[in-house]
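Here is a short briefing to read alongside the model.

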Amino acid sequence: MAWKARLIEPEELQATIDLTAVAFGVGPRATESYRKQASMVTEPDRVFVVEDGDELAGTAGAFSIALALPGGGTLPLAGVTEVGVSPAYRRRGILRTLMDAVHDQAVERGEPIAGLTASEGGIYRRFGYGVAARFHSLAIDRANVAELEPLVESADAAGTIRLVSEAEAEAVLPAVWDRYWRRVPGEVRRPAGWWDALALDVEEDRDGASARYIAVHDDAAGVPDGFAIYRVKQGWGSGQIPPHALRIESVVAADDAVEATLLRFLLGVDLVATVEWESAPTDLPLRWRLANPRALRTTSEQDHLWLRPFDVAACLSARRYAVDGGCVLEVVDDGRFRLEGGPDGAACSRSEAEPDLVVGLADLGALLLGGVSWVTLRRAGLVEERTPGAAARADGMFRPERAPYCSTDF
């Protein structure tokens, strides 16, 4: 059967939310909290469905957001989201139909790239997506977190930290985020309504932990320039230190000094034995500041942000590069491109020249932010090096100042 995707009518939104609740295991119908959160962030004019008679068989949508690139540039991003097929319609081509519709709309809107955070790791490579950013899950033994003496006297940012109410956070958090996200390749401009949805702080999603605490850092002039959101899961026992666990949800800072100060605050909360961070950056500087490196353990590593370029030239032109250089890339099934770039800017356009490197579209998505090296993918057989040394030279260009990271699930 040939399926056809169509945009929903506004009055069909609740039915699509029910379908995603089924697809993601929430329940046969959306819970009140799930429905409320989804309604706050969904863009109905970007939601597609496939139907079989009067029954919805699958749905997929997108957010109109933006992606931070190495060097501080940004790109419009189609944030693919809420992709789900009813269990009664699996493996019948519906997912392909939905993804094609979402991609076609993104191209029509002039979005040069799509991204998503995948619920399963084996689905999206066949649609052209590559893993662009990963995260570490961390467990920190609070009793052993003494830091090394810093070489440079900038261990703490000037200013103060205060706990704020949800009412005050309503204005503070988006303002701080706007100062933060462009400095971290892989972060996104959060969708409209995102902060209101997070503020619902649904109890059933806390896994037994407390309501969220919001700690805000103000600079010396009293202007907020960082925040940390965390919870505490109690574990009263008979030992000298109550085995409470502090769970970090996010640390957002305008610079590295503010980030370090917020982490010191979190590691200093009383009655806590373990600090856990489920989705931390892979290059967190804290690891290197600890006198006892075993105080911080990586308990898992996982893919997070996947990217799928539509307009290769636009994607490669928008970012900045660590050193001046150039190369000709052949992107399988998309043609050849000459890239010239450096710290001050870049240009990329189609070319007829012989390629230095040959790469598939999904792997270019993985390489775009510098989250994996060209040499590594060459060793994996996923990059073909036509000009000797070209992969190493590309790595010199594509090296980011920090590892790609995305703290937003969508």
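Of the contacts in the protein chain with a separation of 6 or more, 69% join residues 24 or more positions apart; a contact means heavy atoms within 4.5 Å. This is a predicted model, where local features need pLDDT of at least 70, side-chain atom pairs count only at pLDDT 80 or more, and totals for chains, interfaces and linings use all residues. Residues are numbered from 1 along each chain as its sequence is written, and side-chain values use heavy atoms, leaving out hydrogens and water.

**Overall fold**

- The protein chain has 11 helices and 18 strands, which are DSSP runs numbered from the N terminus (helices H or I, at least four residues; strands E, at least two).
- With a radius of gyration of 23 Å, close to the 22 Å from the globule rule for 410 residues, the protein chain is as compact as a globular protein of that length; the radius is taken over C-alpha atoms, and the rule is 2.2 Å times the number of residues to the power 0.38.
- Buried residues make up 51% of the 410 residues (buried is under 20% relative accessible area, exposed over 50%, partly exposed in between, with a 1.4 Å probe and protein chains only).

**Helix 4**

- Helix 4 (residues 166-180) has 15 residues and should span 21 Å at 1.5 Å a residue, and the 20 Å between its end C-alpha atoms agrees; the expected span is 1.5 Å times one less than the number of residues.
- A kink of about 30° lies at valine 172, shortly before proline 174; the bend is the angle between axes fitted to the seven residues ending there and the seven starting there.
- Ala169, Val172, Leu173, Val176, Trp177 and Tyr180 of helix 4 are buried, and their cover includes helix 5 (194-199) and strand 10 (224-233).

**Aromatic rings**

- The whole structure holds 11 aromatic pairs (rings of Phe, Tyr and Trp, its six-membered ring, with centres within 6.5 Å; planes under 30 degrees apart are stacked, over 60 edge-to-face, the rest tilted).
- Tryptophan 195 and phenylalanine 227 are edge-to-face, because their ring centres are 6.3 Å apart and their planes lie at 80°.
- That pair links helix 5 with strand 10, its residues being 32 residues apart.
- Tryptophan 195 is buried at 18% relative accessible area, and phenylalanine 227 is buried at 1%.
- Ring pairs also link Trp177, Tyr180, Trp195 and Phe227 into a cluster.
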